[in-house]
Amino acid sequence: MNRRALTLVAVPFAMMSFAAVLLTPPAAALLPITITTLTGLGFGQVIATSTPGIVTVTPAGTRSVSGGAVLGNGLGVTAGTFLITGDLNNTYSITLPSSATLSSGAGTMTADNFTSSPSDSGNLGLGTQVLAVGADLHVGASQSTASYSGTYAVTVAYN
Amino acid sequence: MLRRKSLEDIMRKLWIPAALALVASLLPLSAANAQFSSDTDTASASVTIVSAISITKTVDMNFGDVVEGAGTVILATDNGRTATGNTTLGNSTAAAAASFSVTGDSGATYAITLPGSAITLTGTGTDMTVDTFVSDHPGDTGTLTGGTDTILVGATLNVGATQTTGAYTGSFDLTVAYN
């Protein structure tokens, strides 16, 4: 009778300690994924005309224009870059904003059609990857001369 | 027997807290995983809208009167002339460095591109060339103080030994671009 009672006591305690053992490994197995800005997205110098235009910067940092805007010099033209860190060989999804607003005291402009490299999903390989982002900037007709700036958010999540 | 029963009851009752403890201890774990499994960062986007830079010639370059003889006439940006070789200087009245007016963004700096190779002056006799263009802006860069600036340009005229008398003309381009 005593032996049986002991067994009955032992089972729940064994379960509890098993649960305690379970607590640690999953948390340690997955390094948190992090994203850190390396460089801001720069469209450089642009000359507005009486016709609206679109200035595109690709994730490779190449700039082009369509419509009425004219490209000024290329100083400050750069793709947005981010450092992603996390677990070895894990893949992750990338969420880009649908649009962002750049503003100055003289007005606002919209950036949209955000693109990235890698595009939809990245692979952390040895634990890090650089993510590059480009976008379209809409330059208004006779957009006021000024320096415009804004922010945009990029989210990465383990697949 | 009665005692054993009650002990079993106690043990059965212990299962529920044990199970709850298990579930409860797993909850914060999954919450922590949600925090680790994604991250967001906010970066800047920027552009500078500038007004177009433009350049207009206000004064043509003129080497003035030159007497034939193989050599050169160096026209400085302050309109001063120097002859070398067998060339001699005639009347200086018309001699003038070229002058250009530049307009654009106030305070912006810009680069000047002078002709990189010789240009040709044609006239009554053999063609002459003009080269070694210089501007009055050190480093060929300027600043649009108040949105305007003036560039003066000089050059060197190469004169032949038996240059036919008469007027010779040509043209050259000057390019400005924002830095």
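First, the ground rules. This is a predicted model, where local features need pLDDT of at least 70, side-chain atom pairs count only at pLDDT 80 or more, and totals for chains, interfaces and linings use all residues. Residues are numbered from 1 along each chain as its sequence is written, chains are lettered from A in the order written, and side-chain values use heavy atoms, without hydrogens and water.

Cores next. A nonpolar core is a set of buried Ala, Val, Leu, Ile, Met, Phe, Trp, Tyr and Cys residues joined through side-chain atoms within 4.5 Å. Buried means under 20% relative accessible area, exposed over 50%, partly exposed in between, with a 1.4 Å probe and protein chains only. The largest core has 33 residues. Among those touching the most other members are Phe82(A), Leu131(A) and Val47(B). A second, separate core holds 30 residues, including Phe63(B) and Met128(B).

Now Arg81(B). It sits in strand β5, residues 81-85 of chain B (a strand is a DSSP run of E, at least two residues). The Arg81(B) side chain instead has the backbone oxygen of Phe63(B) at 2.7 Å and that of Asn91(B) at 3.4 Å.

Last, Thr58(B), in strand β2. Thr58(B) counts as partly exposed because its relative accessibility is 48%. Ser99(B) is 41 residues away in sequence, yet 5.4 Å away, C-alpha to C-alpha.

Definitions and conventions
Helix = DSSP H or I, 4+ residues; strand = E, 2+ residues; numbered from the N terminus. Polar contact = N/O pair within 3.5 Å; in protein donor to acceptor, adjacent residues only side chain to side chain.
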